[in-house]
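Hi everyone, thanks for coming. Today I'd like to walk you through one protein model, step by step. Have a look at it first, and then we'll talk about its pocket and its helices.

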Amino acid sequence: MPGVRFRLRRVSFGRRLELARLLRDRLETIERLALTPPSEARAAETALLGAEIDAIHLRWGLAALSGLDIDGAPATADSLIDAGPEELVREILTAVRRETGLSVDERKNSAPPSTSCAGEEPDRAMRGSAENVCATDSIASETAGASSPNSTIPVNNGSSGDGGIPAMR
């Protein structure tokens, strides 16, 4: 918004820990709700918890706000949440989240890789997955073949594994 300036608090390990404590109960509730059958009540409760989490992020991350009056008084985090322009609230929340971690898109696409291939088709197993550990053409088998003189797997490179460092005499 033209003329409005805001400043965020510096992120530190202690402040991240504080934020995690502030969010813990609400995040646990959202996890429990995800296990219930879809319903309008569940959607409403999830939306309410999401808005509460946004308010916590804004209060936690906003250090200063200038250039905006709400109801005749300088805006604060609370007055911004209660009666401020939603566009500004979203802008500040985006900045706070950028400083504290991943964006919404990054969080959505950042699921940790699984080491289990349960339920997956064999040809979809990812390198390093549990299924590939036993595969004959896996990196582990190639590594074993390259380093073990008794291996029956052919070795394609001529390296002896010493990195080309001459033996010391």
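Let me start with a word we need: a pocket here is an open set of grid points with protein on both sides within 12 Å along at least five of seven lines. Please keep in mind that this is a predicted model.

So, what is the volume of the largest pocket? The computed value is about 230 Å³. Around the largest pocket there are 13 lining residues, and Asp-54, Ile-81, Glu-86, Val-89 and Leu-93 are the ones nearest its centre. Which helices supply at least two residues each to that lining? They are α2, residues 40–61, α3, residues 77–83, and α4, residues 86–100. By type, the lining has eight nonpolar residues, four charged and one polar.

Now for the helices themselves. Two packed helices are described by the angle between their axes and the distance between the axes. Take α1, residues 13–34, with α2: the angle is about 175°, and the axes are 10 Å apart. Angles over 145 degrees count as roughly antiparallel, and α1 and α2 are therefore roughly antiparallel to each other. The residues in this contact are eleven nonpolar, seven charged and three polar. On the α1 side they include Leu-19, Leu-23 and Ile-30, and on the α2 side Leu-49, Ile-53 and Trp-60 are among them.

Next, turn to α2 and α4. Here the axes are 9 Å apart and the angle is about 75°, which means that α2 is roughly perpendicular to α4. From α2, the contact includes Ile-53, Asp-54 and Trp-60, and from α4 it includes Val-89 and Leu-93. This contact counts seven nonpolar residues, three polar and two charged.

Last topic: charges. How many salt bridges does a search of the whole structure find? There are five. Why are Glu-18 and Arg-15 separated by about one helical turn? Because they sit three residues apart in helix α1.

Methods:
Residues are numbered from 1 along each chain as its sequence is written. This is a predicted model: local features need pLDDT of at least 70, side-chain atom pairs count only at pLDDT 80 or more; totals for chains, interfaces and linings use all residues. Side-chain values use heavy atoms; hydrogens and water are left out. On a 1 Å grid over the protein atoms alone, a cavity is a set of points where a 1.4 Å probe fits but cannot get out, and a pocket is an open set with protein on both sides within 12 Å along at least five of seven lines; lining residues have an atom within 4 Å of a point. Grid points are joined across faces, edges and corners, and a volume is the space filled by probe spheres set on the points. Helices (H or I, at least four residues) and strands (E, at least two) are DSSP runs, numbered from the N terminus. Ala, Val, Leu, Ile, Met, Phe, Trp, Tyr, Cys and Pro count as nonpolar, Asp, Glu, Lys and Arg as charged, and the others, Gly among them, as polar. Axes are lines fitted to C-alpha atoms, for helices over the stretch in contact, and angles run from 0 to 180 degrees between N-to-C directions. Angles under 35 degrees count as roughly parallel, over 145 as roughly antiparallel, 65 to 115 as roughly perpendicular and the rest as oblique. Contact means heavy atoms within 4.5 Å. A salt bridge is a side-chain nitrogen of Lys or Arg within 4 Å of a carboxyl oxygen of Asp or Glu.
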